Amino acid sequence: MLNLNLESRSMNWAPNNYFNSRIALVIVLGALSLYPSEIGKITLTSLEDAYLGVSVFVAFTLLVFYGAEQLFKIDLRQLMRKQKNLQVPLSSFLGALPGCGGAVIVITAHNSGSVTLGAVVAALTSTMGDAAFLLIAKKPDTALFLLPMCWLAGIICGYLVDFFYKSKFHKIERGSLNIKRILKSNFKYRLYIILFFPGFIFGIMRLSFIEISESFTFLSSIIAQCGIFLGLIIWSISPVKYMTHPEDSAQIRATEETCFISTWVVLAFLTFEYTIYGTGLDLVNLFQSVAWLLPLLAVLIGLIPGCGPQILVTTMYINGLIPFSALLGNAISNDGDALFPALAISPKIAAVATLLSTIPALILSYCFYFLAPSFLS
């Protein structure tokens with residue numbers, strides 16, 4: 001019988017074709033970046049933008065978060081177990097944190113019978129997953145409004161579920177997953193962190209529109225290329241599928257999760273750029289012709305497990321293709337990678353929780369679409 005311990009992302013051994021497909025993708029991206037044409041320029045520019053515009057800020061956030069967790073020995077599950085009356089707002093807050101770790105903590109706490117179903121719904125409703133990192137890096141003003149709004153939506157939904165669902169605590173049978181780690185050499189993580197520091201400085205300079213000399217521009221380009229390809233290589237050989245193990249150091253956890261997120265950001269950026277280049281379509285006018293459907297489509301995409309589709313939706317918003325109402329609907333309906341452990345632990349609870357989150361997603365997204373169509377767009 002397969003034992004499961006979902007204290008973190010599933011780190012079971014993946015089949016060989018799983019690793020082979022990752023490595024093949026890295027090789028293809030490398031070849032495309034070296035291709036002597038417009039495709040090569042687009043690929044290289046997108047890779048550099050993904051690293052200096054997103055990856056370095058993701059790494060900084062995760063280093064601070066995991067570093068504080070490790071330094072102060074924070075046990076969020078224990079905190080929620082003690083504060084039963086505050087479980088819903090705490091769970092919603094954890095879900096609203098950038099990334100999927102907070103929501104996974106709530107799900108595993110529910111697995112041990114420590115929190116209510118309303119807390120799970122609150123976390124899955126408020127979470128924007130890894131797409132939050134991209135939004136914070138590219139549109140911090142939007143993130144400053146959207147993330148607290150998701151938190152409030154999660155609180156309301158969580159309390160409503162607990163009000164109607166009287167069986168407060170539901171313990172699910174669990175076992176333990178045999179976790180195996182490979183390629184655990186710290187060298188690649190140290191090298192990634194070393195590249196992070198100058199990359200973070202150049203990223204801040206880009207964000208602040210500080211002019212730099214041609215030689216520094218060249219240096220930032222080299223660092224970005226080295227950083228993004230090292231990240232892709234780490235991702236391609238890593239056994240991590242969804243989240244790192246909590247017993248790993250802050251350096252390893254931050255590096256592996258940054259590489260995981262960065263890969264999806266790169267794919268979203270390239271999907272957008274290749275579509276523009278290959279079709280020559282005016283996507284703004286195309287999307288405007290079906291504008292009333294965009295919130296609904298974004299909400300439905302939010303039902304897809306994983307962060308990749310959600311990062312693509314955020315990329316479309318950043319590029320002005322979809323309105324804020326669509327982004328809001330997607331942010332509330334999507335569960336990011338947190339849905340994977342939820343499905344593994346209890347498919348029924350996961351299905352109920354994620355479907356319940358679509359109700360406020362549709363209501364709020366269409367309220368903004370009709371009442372404030374140009375809000376933050």
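**Helices and burial**

A: In α14, the buried residues are Gly308, Gln310, Ile311, Val313, Thr314, Thr315, Met316 and Tyr317, where buried means under 20% relative accessible area, exposed over 50% and partly exposed in between, with a 1.4 Å probe and protein chains only. Helix α14 covers residues 308-318 and is mostly covered, since eight of its 11 residues are buried; helices (H or I, at least four residues) and strands (E, at least two) are DSSP runs, numbered from the N terminus.

Q: Before going on, what kind of model is this, and how are residues numbered?
A: This is a predicted model, in which local features need pLDDT of at least 70 and side-chain atom pairs count only at pLDDT 80 or more, while totals for chains, interfaces and linings use all residues. Residues are numbered from 1 along each chain as its sequence is written, and side-chain values use heavy atoms, with hydrogens and water left out.

Q: What comes just after α14?
A: Gly320 does, and it takes a positive phi of about 80°.

Q: And how many residues of α5 are buried?
A: In helix α5 (residues 101-111), 11 of the 11 residues are buried, so the helix is largely enclosed by the rest of the structure. Among them are Val104, Ile105, His110 and Asn111, and α5 is followed by Gly113, whose phi is positive, near 80°.

Q: How many helices and strands does the chain have?
A: The secondary structure comes to 17 helices and zero strands, and 52% of the 377 residues of the chain count as buried.

Q: Changing topic, how many salt bridges are there?
A: The structure holds two salt bridges, each a side-chain nitrogen of Lys or Arg within 4 Å of a carboxyl oxygen of Asp or Glu. Lys138 pairs with Asp49, with the closest N and O atoms 3.0 Å apart. Lys138 lies in helix α7 (residues 131-138) and Asp49 in helix α2 (residues 38-72), so this pair ties together parts that are 89 residues apart in sequence.

Q: What about Arg206?
A: Arg206 forms a salt bridge with Asp49, and here the closest N and O atoms are 2.5 Å apart. Because Arg206 lies in helix α9 (residues 187-207) and Asp49 in helix α2, the pair ties together parts that are 157 residues apart in sequence.

Q: Are Lys138 and Arg206 buried, exposed or partly exposed?
A: Lys138 counts as partly exposed at 27% relative accessibility, and Arg206 counts as partly exposed at 39%.

Q: How many disulfides, then?
A: The count comes to zero disulfides, a disulfide being a pair of cysteine sulfur atoms within 2.5 Å. Cys150 is buried, with a relative accessible area of 0%, whereas Cys367 is partly exposed, with a relative accessible area of 35%.

Q: Last one: where is confidence lowest and where highest among the helices?
A: Confidence is lowest in helix α3 (residues 76-82), at a mean of 71, and highest in helix α15 (residues 324-333), at 94, where pLDDT is the predictor's confidence in each residue, from 0 to 100. The mean pLDDT of the chain is 81, and 84% of its residues reach 70 or more. Over residues 167-184 the pLDDT is below 50, and beyond near neighbours in sequence this stretch has 58 contacts in the model, a contact meaning heavy atoms within 4.5 Å.
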